[in-house]
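User: I'd like to learn how to read the packing of a helix in a model. Could you walk me through it?

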Amino acid sequence: MIDWDVAVSTGVRWVRPGPQVSLSEAKAVVVELHDLAATVAEPVQRVTGMFSAEEAGQIAVVDRPGWIRANIDGFRVVLDPLVEHLREQGRVPDAGSVVATVGSRVTGVQAGLILAYLAGRVLGQYELFLPPDPAAPEDAAPAGRLTLVAPNIVMVERELRVDPHDFRRWVCLHEETHRTQFTAVSWLRGYVQQQMTEFLLASELDPATILNRMRAAADAVAGAVRGNGHAESLIEAMQTPRQREILDRLSCVMTLVEGHGDYVMDAVGPEVVPTVADIRARFNARRTSAGRVEQAIRRILGIDLKMKQYAQGSRFVQTVVREAGMDVFNRVWTSPETLPTKEELADPHLWLARVGDGGGALAAGG
């Protein structure tokens with residue numbers, strides 16, 4: 001379905017260059033990010049009360065092409081088994097056929113162009129899905145990796161005119177929180193992967209359906225650029241009813257983990273990041289200052305949805321911790337049944353009434 005080699009070559013070819021830095025400055029940034037990523041685990045543990053099952057996780061500091069290649073690797077881990085499953089069901093053309101070859105190249109170009117756009121904006125991420133390590137034991141737990149995109153971090157800290165060392169530590173705190181979430185909570189990685197698998201398997205690959213949904217997406221793009229009406233994201237435009245149901249569940253858990261990461265970035269306080277209040281104020285202002293065309297692209301690619309997840313998830317965590325304490329909030333990690341629903345994310349008191357009032361505090365990772 002996707003020619004990954006074409007996706008990589010397209011993304012690398014079209015990604016914009018990063019900010020101008022000297023070789024010595026670039027090396028210093030890479031070294032500092034590695035050091036910070038290795039040292040922020042303690043303040044994350046102190047704020048969250050959660051402890052990672054990994055004593056020392058993988059850390060990668062990459063440039064923009066490196067981020068593209070890393071994400072392609074993750075996509076292949078998730079999608080290749082699904083494509084093979086669909087092919088066995090006769091829902092995709094046989095590999096090597098003209099239709100499959102042409103179609104995979106087209107989708108490869110599309111994927112590469114989207115990644116080229118995103119590669120200039122992502123500061124970091126915790127990569128859940130990595131190719132198996134051939135040197136690891138067969139029964140080894142799935143590995144993740146904390147990845148930081150050095151040129152983007154430098155670009156944003158310059159734009160915001162904030163203390164670069166504080167900003168780098170602040171970004172590392174967010175990604176380390178994700179590493180802690182997915183390694184301290186034993187079921188979380190599998191749950192997210194299951195929802196993603198179900199979402200992809202629920203797609204309608206009928207050409208007429210796909211064409212209609214692509215037209216809806218094109219109309220959404222045109223409306224967003226003109227500033228007319230509400231443009232739905234590309235994901236929304238391509239969904240089946242079954243996928244909408246699954247995406248609601250997936251959105252809830254991602255809103256929680258993203259908001260939790262944002263909460264921790266600020267909750268560590270000025271003893272860890274002295275200029276944290278200034279950084280947050282300027283960063284939030286930057287999030288809302290994009291031009292109309294940029295806003296349209298964000299909306300279509302679902303980036304606006306991610307920003308809303310940060311805000312709503314952070315408000316949920318703040319409210320629960322303020323009113324009931326971190327131990328009660330950590331009951332959220334007990335099982336999929338204790339995750340907040342869409343309604344509870346909007347009104348945390350509903351979650352507190354359902355999960356937070358009964359019994360003693362439950363340990364994360366249950």
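Predicted model: local features only at pLDDT ≥ 70, side-chain atom pairs only at ≥ 80, totals over all residues.

User: Which residues of α3 are buried?

Analyst: A residue counts as buried when its relative accessible area is under 20%. In α3, residues 41-48, that gives Ala41, Pro43, Val44, Val47 and Thr48. Looking down the axis of α3, these buried residues fall within an arc of 165 degrees, so they line one face of the helix.

User: What follows α3?

Analyst: Gly49 comes next, with a positive phi near 70 degrees.

User: Which residues touch the most other members of the largest nonpolar core?

Analyst: The idea is to look for buried nonpolar residues joined through their side chains. Here the largest such core has 83 residues, and Phe167, Trp170, Phe329 and Trp333 touch the most other members. Helix α11 (residues 241-267) supplies the largest share of this core, 10 residues.

User: How much of the chain is buried?

Analyst: Of its 366 residues, 48% count as buried. The chain has 17 helices and 3 strands. Among contacts with a separation of 6 or more, 81% join residues 24 or more positions apart.

User: Where does pLDDT stay under 50?

Analyst: Check the predictor's confidence, pLDDT, residue by residue. It stays under 50 over residues 358-366, for which the model has 17 contacts beyond four places in sequence. The chain as a whole averages a pLDDT of 80, and 71% of the residues score at least 70.

Technical notes: Residues numbered from 1 in each chain as written. Heavy atoms only, no water. Core = buried A, V, L, I, M, F, W, Y, C linked by side-chain atoms within 4.5 Å. Buried < 20%, exposed > 50% of the residue type's maximum accessible area, 1.4 Å probe, protein only. Helix = DSSP H or I, 4+ residues; strand = E, 2+ residues; numbered from the N terminus. pLDDT = per-residue confidence, 0-100. Contact = heavy atoms within 4.5 Å. Arc of directions from axis to C-beta.
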